[in-house]
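Subject: Structure handover

Hello,

Here is the structure I promised to pass on. Please open it before you read the notes below.

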Amino acid sequence: RHTRYGTVTGVQTCALPISGGLGFDLGDGRRVELDVIDGESDLGSPGALTAAELQASRFDSPFNGLDFLREGLTQAAINFRGPVTPRLSLAANVARTERSSEILTTGRAAPSFGGFFLGTDASGWSSTAQLTYRHGPEARSGRLVAGVEWLEGETDAIGISTPTTDPGLVDPANLASDNTTLRRTWALFAQETWYPATRLSLHAGVRVDRDRSAYREIGRAHV
């Protein structure tokens, strides 16, 4: 579940997160599945080297040894697909996602300005439902697809300044920012496909999206 990335002059090597799934056939072409993804990443950040440093040793960064990027991701989704009638089929899913990250950035100017730590925790629900209707003669049947997408979640973020004397020290007492972003998104879509001839097809579609976010910081709020 936990993977550590090796870094050499900006190059990372890593393993993929663990994923798994469980499916069950309901009969008559219908199937339901549960998919899960879970992983953690730990990346080093060797920073940029000067030409002289790169020529001397491209595998050893002389600064930014403190910097890091750590990420975590957990997602679970339930998926369904199958026919509703001989000409109508449904595909739908519901998913829960949780994501976190911790980033420390210092650099050559850290002895003068210190560093900065950014931590985020995001979570949310999402869902998609799509209906497909086949119409017309079987040899050249048209296809009408219509559906809806929805997402709702929030992201909490904090920023902490690190001292010039110890750029790698992350002290909550040096809190620089603390905010929460709430987001709600939905979309409606439809697409029609015609086959007027054996080798000819025509497509037409429409999509409507709405995205609303509310940003709240200590003592302030923005929509």
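This is a predicted model: local features need pLDDT of at least 70, side-chain atom pairs count only at pLDDT 80 or more; totals for chains, interfaces and linings use all residues.

Residues are numbered from 1 along each chain as its sequence is written, and side-chain values use heavy atoms, with hydrogens and water left out.

The chain

The protein chain has 12 strands and 2 helices. These are DSSP runs, numbered from the N terminus: E of at least two residues for strands, H or I of at least four for helices. Along the sequence the pattern is β-β-β-β-β-α-β-β-α-β-β-β-β-β. Of the 223 residues, 23% are buried (under 20% relative accessible area, 1.4 Å probe, protein chains only). Take the contacts (heavy atoms within 4.5 Å) between residues at least 6 apart in sequence: 60% of them join residues at least 24 apart.

The largest pocket

A pocket here is an open set of points on a 1 Å grid where a 1.4 Å probe fits, with protein on both sides within 12 Å along at least five of seven lines; lining residues have an atom within 4 Å of a point. The largest pocket has a volume of about 270 Å³, counted as the space filled by probe spheres set on the points. Its lining has 14 residues, and A122, S123, G124, L151 and G153 lie nearest the centre. Strands β7 (88–105), β8 (115–135), β9 (142–162) and β10 (175–197) each give two or more residues to this lining. β8 gives the largest share, 5 residues.

Best wishes

How values were computed
Buried means under 20% relative accessible area, exposed over 50%, partly exposed in between (1.4 Å probe, protein chains only).
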